[in-house]
Amino acid sequence: MTVVDNNVLSALAKIDQLQLLPEVFDAIGTPTAVISELNRAKAVGYEFVTRIDEVKSYNGGWLTILTPTQPELQLAEDVQDHALSMTDAQCLAIAAERNRRLVTDDAHVGTIGQQRGIPIWDLTLFLKAAIRVDAIETADELAAIRDELRRSDGYRFSAADEDALFEEF
């Protein structure tokens, strides 16, 4: 199972591209803390959250909600720092304790994960994988995703990352 954080779920939901996740990964989960953050976003009117609701496993979808164990909660408390939310700490702890990859576009989370030996995929690596499994089939489709991420989520790829993505075609 691959653990996905709030930032990636939200970004993909905002551009209506959540379906890329199950096209790349066999099993996808996110911690209950992520769902709590999303529920707060929904309560203040963020419509994209309804797209995530539709893919939750208890609604017949593919997104498994992961309840942290006591050891995972303890590890989350241990790794949390002034720049790391408890939600991010739970993503890291679940990925670490269950020996799973974590998909995140948060650089601080990625750095801590790498220091702890957690396989970390950022959005660039995820999109490369989507290209390689033909979930993204053309450079035009990738450009549309890039542009929509910029417009809807304020996401900016570095020039090197953008070049690496388009070199896949």
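Predicted model: local features only at pLDDT ≥ 70, side-chain atom pairs only at ≥ 80, totals over all residues.

Residues are numbered from 1 along each chain as its sequence is written, and side-chain values use heavy atoms, with hydrogens and water left out.

**Stop 1: Gln 17**

Select Gln 17, in the loop between helix H1 (6-14) and helix H2 (20-24). Helices here are DSSP runs of H or I with at least four residues, and strands are E runs of at least two, both numbered from the N terminus. Gln 17 is buried, at 17% relative accessible area. Buried means under 20%, exposed over 50%, and partly exposed in between, using a 1.4 Å probe and protein chains only. Show Gln 19 too, because its side chain makes a polar contact with that of Gln 17 at 2.8 Å (a pair of N or O atoms within 3.5 Å; within protein, one must be able to donate a hydrogen and the other to accept it, and residues adjacent in sequence count only if both atoms are side-chain atoms).

**Stop 2: Asp 53 and its partners**

Side chains of opposite charge can pair when their charged atoms come close. Select Lys 42 and Asp 53, whose side chains form a salt bridge of 2.6 Å, N to O (a side-chain nitrogen of Lys or Arg within 4 Å of a carboxyl oxygen of Asp or Glu). Lys 42 sits in helix H3 (residues 32-43) and Asp 53 in helix H4 (residues 49-55), so the pair ties together parts 11 residues apart in sequence. Lys 42 is partly exposed at 38%, whereas Asp 53 is buried at 12%.

Is Lys 56 buried or exposed? Lys 56 is buried, with a relative accessible area of 4%.

**Stop 3: Glu 72 and Arg 98**

These two side chains meet in a salt bridge of 2.7 Å, N to O. Glu 72 belongs to helix H5 (residues 70-79), and Arg 98 to the loop between helix H6 (86-97) and strand S4 (102-103), 26 residues apart.

**Stop 4: a network**

Finally, select Arg 146, Asp 147, Arg 150 and Glu 162, which are linked in a network of salt bridges. The structure holds 10 salt bridges.
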